[in-house]
Amino acid sequence: MADKTKGIIPKYRGERPLRLDTASGFVVKETYTPDDIRGVSYAQGLGNPGEYPFTRGIHKNMYRDRLWSKRFFTGLPTMQRSNERFKYLLERGETGLIIVPDTPGHMGIDPDHPRVKDHSGCTGTPMYSVECMEELFEGISLEDVAVDLRGDPTFASISEVAQYVACAEKRGLDPGKLRGSTINDSIHCHFTMHWDHFCNPLDLAIKLCVDLIEYSVKYMSLWHPLCVAGYDVRELGINAVQELAFTFAAAIVYIEACLKRGLKIDEFAPRIVFALGGQMDFFEEIAKLRTARRMWAGIMKERFGAKDPRSLKLIMSVKTSGGSLTTQQLVNNITRTTIESLAAVLGGVQSMEPCGYDEAVAEPSEAAATVGLNIQHIIAHETGVVNTADPLGGSFYVEHLTNEIEKETYKLLKEIEEMGGMVAATESGWCQQLVNNAFLERQREIEEKERIVVGVNEFVIPKEEEIPLPISPYLKEEQEIFREEIQSKARKLRETRDNKQVRAALEDLRKKAKKGEDENLFRPMVQAYKANATMGEILGVVREEYGYSYDPFGILNYPFQ
Amino acid sequence: MTNRDNDKKIRVLVAMPGLDGHDWGALVVSQALRDAGLEVIYLGIRQMPETIVDAAIAEDVDAIALSLKDSSHMIYFPKVVDLLREKNAGDICVIGGGIIPDEDKPILEKIGVTGNFGSGTSLKVIVDHVVKRVREKKTN
């Protein structure tokens, strides 16, 4: 009951922070001073931007010379709609495209496979043949765009690049002119999305990862063939230290596999990217990115003996966290994404991709894509933060966090190495257990209100009072029509193509695959795509030669017995 | 509301039909159900409706909890309901969850798939719903 002399009392009067630690559990003091960063010299621990150990940035002038690549992901259910969205985004200021394959595409399975036919266009765009690429990039100049082909598992990555190169060559383009990137990192898929032994056996995945890196080093110098992904694991609730340790440990697996193949460290290290998450703890995320650069420089130099300065500079991209967004009060997601984007820029990334405010509820709308790009335009042109490199360098708090994250990450990395490395840690189930526990703990914290999420467990408002934002319409009937169409498209391709040529190309791929692990299969895959083989056929042949079933589900057989 | 009010433990089968491998919601809900005293049989991902229904009958569960995030729920959830009816196991409740657009919820409710909770739903709300649904079925 309001006191009539005083009126209503603020509900949150005397409000204080609920927690006094960072999102990763580092205790935060009331203030930081030079004493907290004593012992790390500027020259050795920081360096100027563009100088070893690159803590402050990999380029001297950072964004003064060139802004980060502004992106927003595309992965609409049909190739045509994704093509239209590409054109829309390029108009609105996107400087790098991203395309996400649908679930069957991630798993290396064709859309007309009986088990997956209801999943075409789910959470991404079908990409199973060179025809798909042609439709996807119709009217877009492949020499002038950078394209991130976002299939996580190696199988999907190498398949997509082969399709892309096949498409480019059919247009008369040299693969050396193509700019882009692929994740090509299968390890984390085993415990984040369960794309594991079922469709993504690690021995074969790592071999194909090296194939793509090896080919790209020789023939596609503008391509980033490996973007080690910390993003997905971080989304499941692990902390910044674990994110970095997992990413470095996975990178080390691929680097060692490349060295075993006979590649020299300075040939491929400059082309590796880290694809990290962008979470809500503002200063911790900035520090995390600085730590990553310093650690990479040290590991490349000391452990792998890299000499080329470009090998020591870690290129990073950040996708802001989808897991930090809420289905309640979508407008708050714009605020969250903005904060996360700003942290990424202050952390000195080379490419950035904010989430759509509708990421938790629908396929990305044009409105959400425009907002995502505008966040980046506003940061770039209205805030002044881009005018100097590493503006938070020297902050006692940020330098302290950078040091602490580095210390803990090296500790965890050592633990993983002592287990036998990231492959052993994955196959033993240790990573899965850690991730499961982190996810459950995060949920428990929110449920028990030990961590506040605005609109979910505090500051909740009735649904009817939420500010409505444009969401893509739920095109259920269109989606059903499309699923029928894509299957008949795939069937028609099989019927109308020159099956003699397809068979010859697949048999050539098979012959090369029989030669052993070191035989690079990328070029034979490109030739098979040009002959109109499908992804399922190409990957199926390779699987067979490595002792796996042609079809992960065990239903289909190689069609050209 | 917990299971402790009854002598016999409520048994729930948790599964993800189709291809979707994002089983985190299912994991969290399973834990919450267990914490509340229910018995959970976690069937996992990439399940066919036939396997889910056969397991539910074999395990003599009271409810099946299905989770999907890749928009294929309108294909799989009704299939499970149909199969239960075909096999005379229509007394097993079906509860849905994941990313379910609002417009599909009344359609699902009409065929007997209730709940359909999205991310951010309080686990207590989900557990209470499961218990309530099973009790209602038992008293009918």
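Reply: Start with one term: a contact means heavy atoms within 4.5 Å. With that in hand, take chain A. Among its contacts between residues at least 6 apart in sequence, 78% join residues at least 24 apart. In chain B, 71% of such contacts join residues at least 24 apart.

Some ground rules come next. This is a predicted model, where local features need pLDDT of at least 70, side-chain atom pairs count only at pLDDT 80 or more, and totals for chains, interfaces and linings use all residues. Residues are numbered from 1 along each chain as its sequence is written, chains are lettered from A and ligands numbered from 1 in the order written, and side-chain values use heavy atoms, with hydrogens and water left out.

Helices (H or I, at least four residues) and strands (E, at least two) are DSSP runs, numbered from the N terminus.

First, the chain around them. Chain B has 5 helices and 5 strands. From the N terminus on, its elements run β-α-β-α-β-α-β-α-β-α. The radius of gyration of chain B is 13 Å, close to the 14 Å that the globule rule gives for 140 residues, so chain B is as compact as a globular protein of that length. That radius is taken over C-alpha atoms, and the rule is 2.2 Å times the number of residues to the power 0.38. The C-alpha trace of chain B spans about 35 × 35 × 25 Å along its principal axes.

How much of chain B is buried? The share is 57% of its 140 residues. Buried means under 20% relative accessible area, exposed means over 50%, and partly exposed lies in between (1.4 Å probe, protein chains only).

Look at β3(B). 6 of its 6 residues are buried. Both faces are covered. On one side sit Ala63(B), Ala65(B) and Ser67(B). On the other sit Ile64(B), Leu66(B) and Leu68(B).

Which strands pair with β3(B)? Two strands pair if DSSP finds at least two bridges between them. β1(B) is one partner, running parallel to β3(B) and joined by 4 bridges. There, Val12(B) stands opposite Ala63(B). β4(B), residues 93-98, is another partner, parallel over 6 bridges. Here Ala65(B) stands opposite Ile95(B). Between β3(B) and β4(B), the chain passes through helix α3(B), residues 73-86, in a right-handed β-α-β crossover. Right-handed means this: with the strands pointing away from the viewer, the path from the first strand over the helix to the second runs clockwise.

Now α1(B), residues 24-35. This helix has 12 residues and reaches 17 Å from its first C-alpha to its last, close to the expected 16 Å. The expected span is 1.5 Å times one less than the number of residues. Its buried residues include Trp24(B), Leu27(B), Val28(B) and Leu33(B). What covers the buried residues of α1(B)? In chain B, the cover includes β1, β2, β3 and α5. In chain A, it includes α6 (189-192) and α16 (430-447). Just after the helix, Gly37(B) takes a positive phi of about 95°.

That brings in chain A. Its secondary structure comes to 20 helices and 9 strands. Its radius of gyration is 24 Å, close to the 24 Å that the globule rule gives for 561 residues, so chain A is as compact as a globular protein of that length. Its C-alpha trace spans about 90 × 60 × 45 Å along the principal axes. Of its 561 residues, 60% count as buried.

Chain A also has an open sheet of 5 strands, in the order β1-β9-β8-β7-β6, with parallel pairing. β1(A) and β6(A) stand at the edges, each with a single partner strand, so one side of each is left without a neighbour in the sheet. Inside the sheet order, β7(A) and β8(A) run parallel and are joined by 6 bridges. Phe274(A) stands opposite Met316(A) in β8(A).

Is Tyr88(A) buried or exposed? At 18% relative accessibility, Tyr88(A) counts as buried. Not counting residues up to four places away in sequence, Tyr88(A) touches Glu366(A) and Thr370(A). Tyr88(A) and Thr370(A) are 282 residues apart in sequence, but 9.2 Å apart in space, C-alpha to C-alpha.
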